[in-house]
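Visitor: I'm new to this one. Could you take me through a single part of it, slowly?

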2 protein chains.
Amino acid sequence: MSKGEKKRRRALDAYSTLQRAASMASAQVEQAVHPFGLSASQFGVLETLQSRGPVHQQELAEALGRSKAQMTAIIDALEARGWVRRERHATDRRFISVYLTDDGRAVLVSTAPARSDAIVAIMAELSGDQRARLARLCRRLLRVLDPEQSIEPIDESHAEAHDDAADDAHDDDELDDPAVETTLPSPT
Amino acid sequence: MSKGEKKRRRALDAYSTLQRAASMASAQVEQAVHPFGLSASQFGVLETLQSRGPVHQQELAEALGRSKAQMTAIIDALEARGWVRRERHATDRRFISVYLTDDGRAVLVSTAPARSDAIVAIMAELSGDQRARLARLCRRLLRVLDPEQSIEPIDESHAEAHDDAADDAHDDDELDDPAVETTLPSPT
DNA sequence: TATTGTTATACTCTATAACTATA
DNA sequence: TATAGTTATAGAGTATAACAATA
């Protein structure tokens, strides 16, 4: 078998494994949030509102990678349950700002832990160092996949956007591998 | 910030990055296959038939993680285009074996390279070592996510006991696997 | 009675375009 | 005219349950 053939197969293997892990993980996480009656998108909206404060629907749509039409539906559902409210912009009445209500905040408070518990449970299979490595490898893929905004998703307030694994190295209870992916080598 | 808090945020970060990378990658790969008029599931069926030979619909459903009802629809579409054909099992007439036709094989031949090109292009962002590491980390996650069938990889069907960072320095040329293209396309 | 595959239904997501109201 | 949001529609994907033919 040729060298190129083999490399190709390795790439396919990495891809399919990545896909399978991501899909099973998200299934498990969504299941954890489901009892609260929140879809992943709805949760994302609430979370974004919490971290950014009131924003326009379009901004939400962009942040979460949905169309404005989808965002209308998502907000509709959240508004119907009283978790967000809409308010026209005072001066430019084309805009609608979406606000998180107290109820919405409460839902988030009770949902977020269930969600992150599920995520932590999955990620517990990896050591702290491995988690960081996984994130870094994925971020690297995102450089090709999403060159635009490959610098932070819907990050929480304090963005530690700089290269991770450097800050306080004593936060993980498991083996902190010192040989942390020092490479970050030459693209191409 | 507490130790647990931080660990939690790291887990969330790893999770969201994984999800984003997987979803953008699959979008890109599906786009590469789309011109051929094949959905990911349809491609998966053809590929499975190629590597395993004729199988029952239920076997296909299990292999690809779809319900038998879904599989009926998928096979319907493929059969309508003449890429597979159904045939009742001779002795137990409840079973239907699905065969890849010559046309189906031809479609696969012209589609598979486009698909794997797309995957290789994405994975080219990583070094060979990083690709292997990514696959290994994901497979590790699958141990919790899918304990059943988390065995089938390309080069370590047994070695899961040791910790990484040590392996994959060498090229094990060979591993002539008959089941090339075991790519199990992911649910979206 | 159990199993294979089909049909029917319903609900979610996604993708688009046409529409409104504002600017 | 351009933009923000809404509505309508159509297509996939998913999840069930009821059903027919076969065992």
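Visitor: Let's look at DNA strand C: of its atoms within 4 Å of the protein, what percentage belong to sugar or phosphate?

Guide: Sugar or phosphate accounts for 70% of the atoms of DNA strand C within 4 Å of the protein, and bases make up the rest. A bit of housekeeping: this is a predicted model, where local features need pLDDT of at least 70, side-chain atom pairs count only at pLDDT 80 or more, and totals for chains, interfaces and linings use all residues. Residues are numbered from 1 along each chain as its sequence is written, chains are lettered from A and ligands numbered from 1 in the order in which they are written, and side-chain values use heavy atoms, leaving out hydrogens and water.

Now, the protein side. There are 19 residues around DNA strand C, counting a residue as near if one of its heavy atoms lies within 4 Å of the strand. A:R66, A:T91, A:R93, B:Q57 and B:T72 come nearest.

Next, the phosphates. B:T72 has a polar side-chain atom 2.7 Å from a phosphate oxygen of DNA strand C. Helices here are DSSP runs (H or I, at least four residues), numbered from the N terminus. The most comes from α4(B), with three residues.

Notes
A polar contact is a pair of N or O atoms within 3.5 Å; within protein, one must be able to donate a hydrogen and the other to accept it, and residues adjacent in sequence count only if both atoms are side-chain atoms. Helices (H or I, at least four residues) and strands (E, at least two) are DSSP runs, numbered from the N terminus.
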